[in-house]
Amino acid sequence: MSISIRRVRALACGLFLASAAVAADDGAFVAQWPLTLPSGDAGAYQLELDAAVYATTVSPALRDVVVVNGDGRQVPALLQAAPPPAARKATQALAWFPLPADAARAGSDIAAISELDPDGRLRRIQWRPARENAPPAALLIDASAATAPLQALVLDWGVAETAFERTMRVEASDNLRDWRPVSAGGRLLDLRRGDDRLVERRIAFDAPVRTRYLRLLPGAGAGVMPAIVSLVGETNAAADAPTLAWQDLQAPGPVDADGGFVYRLDARLPVTHVDIGLEGNATARWTLSVREADDTPWRTLTSNWLVYRVGADAASRTPPLALDATLRARQWRLVPDSPHTGATPKLRLGWQPERLVFVAEGAPPFALRAGSATAVRGDAPVAPLLADLRARNGGNWQPAAATLGARAELAGAAALENTPPRDWGTWLLWGVLLLGVLLIGGFALSLLRAPKPQ
């Protein structure tokens, strides 16, 4: 009996290996691109897709875009949208005033020693130091001129005469009487050892702060606050508009039965913006619709879309329309609210390349494959892995950038047929699997029929 059980286990192991071999067959793809990795030990990589990949894939969700290792097996991969433009930092000089020790205490009424203009901006603080050039006990900042919520304060004191290192407490007020704490992180310091110098002048807020006045109070540390030369506030400026690639489409024929112009997109581009190219001075209202194929209904994206052009100046024309979601539709249609008499309008589709993030499992070389009627990219927990790596390496960490090589044809157009080409090797493998199942069934049946030991 023990021999039979061992043989069953061996066959089960063989079935597992055979099923793994089947899983290694990713099916037929139209083409592939070799990948160049910047280093072999990064582990996680990101790859920017180009127009050639989008023109090869057929899946509306790009599920037929995969990364394979040197053994031809898929590796874990995740498709991500293009990152938004980074917010720019803007700085603005703020008026500041030194405060005496009694005005720096909790509950102090700074309004009693302040002179304000009609807009509430500070003109001066009535304070006479006990001795000439005495350092301030605290700072009062007029933040009423800030055009956006403050993200941080940056102080400049030149070169401190003595070593200085202190945490800073920040308080906010709108009337100079009632003060509330502001959660902030930062330590001001100016330390020297020989010719080396370590300086930190920035106080960052945990959350954006919008208030009329701020008060800085030195906390724990050593040294006294040096004389301040200037003080600026940091804000987040409006992010730059995304840089788009544009695909121009022409209507292949006359208008359809509804008076609309139909455009066909032969690539699965991730379209986020739409524009209409008009010739000369023109103005009209349009309805924009999409569909996947001739036998599917049109879906309206927007109606009563006013598009105009006056002169050659770009400022005298309608800006591109931003879509609510990324679309990869094959067919697009423009229908004017009244019969269009001019030249056929050009439809312009704006898009940003997406990124395929993958884990370099297995042996190199790695390659990107795209275009298949049967193969799909497997679901893998890549997102939690990226979150963990970002937590370990800092919020600005990004996977290493891989690059695409020259395109190489694989199965070509045959990979897009609904019925994949017959693979006799696969049929033979399935035959081995079936034979193994029958053998296991026979062994199990013989074990059941065997007489039980007395």
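Why does Y308 count as partly exposed? Its relative accessibility is 31%, and partly exposed is the range between buried (under 20% relative accessible area) and exposed (over 50%), with a 1.4 Å probe and protein chains only.

A note on the model: it is predicted, so local features need pLDDT of at least 70 and side-chain atom pairs count only at pLDDT 80 or more, while totals for chains, interfaces and linings use all residues. Residues are numbered from 1 along each chain as its sequence is written, and side-chain values use heavy atoms, with hydrogens and water left out.

**View 1. R187 and E165 meet through their side chains in a salt bridge.** Here the N to O distance is 3.6 Å; a salt bridge is a side-chain nitrogen of Lys or Arg within 4 Å of a carboxyl oxygen of Asp or Glu. R187 sits in strand β14 (residues 187-193) and E165 in strand β11 (residues 164-173), so the pair ties together parts 22 residues apart in sequence. Strands are DSSP runs (E, at least two residues), numbered from the N terminus.

**View 2. R264 pairs up with D294 in a salt bridge.** Their closest N and O atoms are 3.4 Å apart. R264 is partly exposed at 42% relative accessible area, whereas D294 counts as exposed at 51%.

View 3. R268 is buried, at 3% relative accessibility, but E292 is partly exposed at 33%.

**View 4. D248, D275, R317 and R348 join up in a network of salt bridges.** Across the whole structure, a search finds 19 salt bridges.

Notes. Helices (H or I, at least four residues) and strands (E, at least two) are DSSP runs, numbered from the N terminus.
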